[in-house]
Amino acid sequence: MTHWPDDRIQRLFNIKLPIIQAPMAGSSTTEMAIAVAVAGGLGSLPSAQMTPTQLTEALIKFRTATSAPVNVNFFCHTPAGRDPLIDRRWRKQLEPYYLQLGVDIEVQADAANRAPFDDAYCTVVEALRPEVVSFHFGLPSYLLLDRVRSTGAKIISSATTVSEAVWLEGHGCDAVIAMGVEAGGHRGNFLTDDMAAQVGTMSLLPQVVDAVGVPVIAAGGIADGRGIVAAFSLGAAAVQIGTAYLFSPEAKVSKIHREALENISDDGTAVTNVFTGRPARGVLNRLIREIGPLSPIAPAFPFAGGALAPLRAKAEAVGSGDFTNLWSGQSARLSPRLPSGQLTERLAADALSHFGRLTASTR
């Protein structure tokens, strides 16, 4: 088989392959996005931990390397204020670790910056006009969204429930990402905080397909050709893949994180809020096991990470990931170990081969 059963996303984004590299803040790189784009997929640039200047530089670097379309991803959460009382209670919870590692509990460290989409970011979009702009945690204000739309960019966002998908379509998204609970990194939820009721990809996907009229992109637990075929069989027009790209040389992944990924089991991850204050799936480690996975006293996103920073630094110095957020989806063991461009091509080839065998068997 040489063609895809649904080419709506390829036509919408003007890409050869219906494979989107997930924009993994802190792990994916401009080099990764370029390699995926050159291979025919949609490369993505995560901006949540970039300044507008850094994003501008990344987009210029991408444009210099290839004329292919690019996806720029933004968080659009409502920033919470730091609460000294909650912070003190959180530090008290962590006090045994401070004592064990010989760290001063009064040491102050800022959490990693995760800035929401704002006027400054929007100005970059208006100036450099990425073909696709994606959001996580819903959508920004109408005014900002209208400015993005006026650039001609296609707008997409993540949904973790059918209700969220319907809401996104109703607010003007050109396509919706159905993000199953298997996915690594931060959950895209914005209408619900109930993690116990989050839905798996293969259940969520067909229900979202039935509920919306725009193309649906499947995300979560897809790491090889078989997963892509399953997603298309349930109505997806494309897939978004993250964890599989973490094994590529273009990924910005620490030695500790890479070793955790290489040794992960199918039941070796959990959705936790202890690292940032917002639910995200990562490799089980000491902190998740002992005070998580979901702590009711973790400070609001992203402030939980501030108190962990000195513990993380001390543990990582001796090769331990006990206090490090080791983001991963549930299908890491299925991921091919290839450079980003080759991985994109392999995923597509394997999926088309599976489609071909399925078609032949039904004749």
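In the predicted model, helix H7 spans residues 162-170, and its buried residues are Glu164, Ala165 and Leu168. These three residues lie on the same side of H7, because the arc they cover around the axis is only 100°. Exposed residues Ser163 and Gly170 are carried by the face of H7 that is turned away from the buried side. The packing partners of the buried residues of H7 are strand E5 (154-159), strand E6 (175-179) and helix H8 (201-211). Just after H7, Gly172 adopts a positive phi of about 100°.

Strands E5 and E6, against which the buried residues of H7 pack, run parallel and are joined by four bridges. Within this pair, Ser158 has Ile177 of E6 as its bridge partner.

E5 and E6 belong to an open sheet of eight strands, ordered E1-E9-E8-E6-E5-E4-E3-E2 and paired in parallel. The edges of the sheet are formed by strand E1 (19-21) and by E2; each has a single partner strand, so one side of each is left without a neighbour in the sheet. From one strand to the next, the twist averages 25°. Helix H3 packs on the sheet and touches E2 and E3, with its direction at about 165° to that of E3.

E2 runs parallel to strand E3 (residues 70-75), with four bridges joining the two. One of the residues involved is Leu45, whose bridge partner in E3 is Val72. Together with helix H3 (residues 52-65), E2 and E3 make a β-α-β unit that is right-handed.

A further open sheet consists of three strands in the order E7-E11-E10, and here the pairing is antiparallel. Strand E7 (185-186) and strand E10 (269-272) stand at its edges with a single partner strand each, so one side of each has no neighbour in the sheet. The pairing of E10 with strand E11 (residues 280-283) is antiparallel and extends over four bridges. In this pair, Thr269 stands opposite Val283 of E11.

Technical notes:
Residues are numbered from 1 along each chain as its sequence is written. This is a predicted model: local features need pLDDT of at least 70, side-chain atom pairs count only at pLDDT 80 or more; totals for chains, interfaces and linings use all residues. Side-chain values use heavy atoms; hydrogens and water are left out. Buried means under 20% relative accessible area, exposed over 50%, partly exposed in between (1.4 Å probe, protein chains only). The arc is that of the directions from the helix axis to the C-beta atoms. Contact means heavy atoms within 4.5 Å. Two strands pair if DSSP finds at least two bridges between them. A crossover is right-handed if, with the strands pointing away from the viewer, the path from the first strand over the helix to the second runs clockwise. Axes are lines fitted to C-alpha atoms, for helices over the stretch in contact, and angles run from 0 to 180 degrees between N-to-C directions.
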